[in-house]
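Thanks for passing this one along.

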Amino acid sequence: MRGAVGERASHRTDVLIVGAGLAGLYASLEAAARGARTTLVTKGSLQSSNSFMAQGGIAAAIGPDDDPALHAADTLAVGRSIADPAAVDVLVRDGVRRVADLERLGVEWDRDDAGRPQLAREGGHSRRRILHAGGAATGAAIARTLIGRVLADRRIRVADHAAAIGLLSDGDGCAGGWILGRDELVPIHARMTLLATGGAGALYSRTTNPPGATGDGIAIAHRAGADVRHMEFVQFHPTAVATGGRAFLVSEAVRGEGAHLLSETGERFMLGEHPDAELAPRDVVTRVIQARLAAGRTSYLSLRHLDPALVERRFPTLVEGCARLGIDLRRDPVPVAPAAHYLMGGIATDIHGATSIAGLFAAGESACTGAHGANRLASNSLLECFVFAHRAVAAGLDAAPPVVADGPPPERPLARAPLAELRRRMWNGAGPLRDREGLERLGAWLDGRPESNPVRVATLIATAALERRESRGSHLRRDYPDPDPTLEGAAPCRATSSMT
């Protein structure tokens with residue numbers, strides 16, 4: 001059911017969900033299935049989320065040679081000693097059930113000749129455990145199925161082209177949010193509020209994310225006093241086509257099917273860098289390619305040794321996307337370079353999606369459960385959406401709603417962040433390679449900008465990156481090139497007086 005924000009009936013609901021990517025869509029269905037009146041708010045259309053761009057698939061230990069314990073071991077190893085073992089355990093064990101639930105909802109996985117789900121392998125995984133749909137269009141395939149379910153459920157009201165600009169919160173409890181839509185600012189009161197607003201890759205000049213991925217949910221939660229965690233850990237995907245701006249991603253799944261990374265002379269340069277060569281974890285491959293870029297060298301992804309019919313059948317959307325750039329994925333070497341892709345940090349939550357503010361929950365990329373540590377294992381992101389959205393809805397509806405005193409509405413956002421300049425400075429100062437000088441220069445520039453969601457989130461990233469004086473996972477410091485064993489783990493970053 002669709003409804004305008006300004007309709008009186010939309011002012012009170014059981015569950016308020018902000019964000020309509022996979023975590024938000026799935027949480028809406030979970031809440032409705034429990035009999036809750038649910039309002040789902042999205043600042044664009046239901047089809048405009050970053051989830052639609054997820055290519056590779058969803059990781060789950062369902063193969064005959066696999067086990068959740070093996071999946072957990074891979075996740076912890078790639079997380080570089082700071083992934084939370086309890087969150088990882090929940091992720092991999094609940095994940096098997098959530099994949100079965102997606103099938104029940106109508107998601108159709110790509111299958112082999114025997115009718116079993118095809119399982120791919122990606123970097124950092126010791127087994128083939130990546131389920132996929134539509135070749136390399138898994139996010140879009142799942143999202144379309146869930147959107148159909150959401151629109152058919154009369155217990156779910158969708159408010160599209162509306163934005164949450166603040167929370168109904170006194171810093172201790174949250175009773176809903178302030179929603180701006182059709183030029184009208186209204187409060188929506190709710191028993192529980194779930195932020196599922198995605199990440200912040202669009203704060204960088206080179207990114208695989210859509211323009212709206214600016215960390216809005218993280219900003220409004222932090223402004224209300226919620227803890228955030230691990231904001232320094234931004235994953236830069238190693239194999240985006242080497243063009244400026246919005247970068248076309250060539251899924252890690254192609255390397256799982258045997259694609260090679262080549263130098264200008266055709267040598268497989270990853271062979272000497274890691275035992276798994278092209279299937280090394282993302283932080284390793286990114287570090288190597290970024291070092292080659294700094295030395296003036298170009299890196300190529302090549303599938304030309306593979307059967308062209310296999311490439312076209314397995315990766316139709318990638319073949320089509322590269323063709324639009326004048327590249328034949330089946331035969332041409334593809335120049336690749338890192339691009340901002342995923343934020344491991346976010347609003348700090350426990351394993352039930354609960355934040356430091358009672359009644360406020362978070363799931364998906366906007367949340368930080370600790371399951372990813374310093375470096376996300378490929379295809380764990382979609383799994384996280386479903387596992388923790390499910391748990392958040394259950395926890396929120398089981399809890400007593402917080403008592404929150406009414407407060408004045410927030411000011412409507414007036415200042416527009418200078419996004420083009422911010423993105424350039426974020427790439428240069430807090431990009432794949434960082435140092436104190438660049439981070440301090442970035443921080444000084446951000447301090448002089450008017451308050452906005454992008455400026456706040458960029459400041460959180462730059463501050464956390466400056467404070468972590470080591471290199472670990474996705475966080476690489478030129479001036480601190482080695483990991484520091486005493487820095488395993490990170491304290492939450494609270495809202496400070498200078499950013500309230």
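1. Ground rules. This is a predicted model, in which local features need pLDDT of at least 70 and side-chain atom pairs count only at pLDDT 80 or more, while totals for chains, interfaces and linings use all residues. Numbering starts from 1 along each chain as its sequence is written, and side-chain values use heavy atoms, with hydrogens and water left out.

2. Aromatic pairs. The count comes to four, where rings of Phe, Tyr and Trp (its six-membered ring) pair if their centres lie within 6.5 Å, and planes under 30 degrees apart are stacked, over 60 edge-to-face and the rest tilted. One of them joins Y26 and F386: the ring centres are 5.2 Å apart and the planes stand at 75 degrees, so this pair is edge-to-face. Y26 belongs to helix α1 (residues 22-33) and F386 to helix α10 (residues 380-398), so the contact ties together parts 360 residues apart in sequence. Helices here are DSSP runs of H or I with at least four residues, strands runs of E with at least two, numbered from the N terminus. Y26 is buried, at a relative accessible area of 0%, and F386 is buried with a value of 0%; buried means under 20% relative accessible area, exposed over 50% and partly exposed in between (1.4 Å probe, protein chains only).

3. Y204 sits in the loop between β9 (184-195) and α5 (216-223), and F236 in strand β11, so the pair links parts 32 residues apart in sequence. Y204 counts as buried at 1% relative accessibility, and F236 is buried at 3%.

4. Cavities. A search of the whole structure gives two of 30 Å³ or more. A cavity is a set of points, on a 1 Å grid over the protein atoms alone, where a 1.4 Å probe fits but cannot get out; lining residues have an atom within 4 Å of a point. Grid points are joined across faces, edges and corners, and the volume is the space filled by probe spheres set on the points.

5. The largest cavity. It holds about 60 Å³, and its lining includes V234, F236, R282, D283 and N375. β11 (234-241) and α7 (282-294) each supply at least two lining residues. By class the lining has four nonpolar, five polar and two charged residues, with Ala, Val, Leu, Ile, Met, Phe, Trp, Tyr, Cys and Pro as nonpolar, Asp, Glu, Lys and Arg as charged, and the others, Gly among them, as polar.

6. The second largest cavity. Its space is about 40 Å³, and Y204, V234, H341 and Y342 are among its lining residues. Strand β14 (residues 334-343) gives the largest share, three residues.

7. Charges over rings. The charged end of R376 sits over the ring of Y342, 4.2 Å from its centre; the rule asks for NZ of Lys or CZ of Arg within 6 Å of the ring centre and within 35 degrees of the ring normal. R292 lies over the face of F269, at 4.3 Å from the ring centre.

8. Strands pair if DSSP finds at least two bridges between them. H260 stands opposite S302 in β13, and L301 opposite V334 in β14.

How values were computed:
On a 1 Å grid over the protein atoms alone, a cavity is a set of points where a 1.4 Å probe fits but cannot get out, and a pocket is an open set with protein on both sides within 12 Å along at least five of seven lines; lining residues have an atom within 4 Å of a point.
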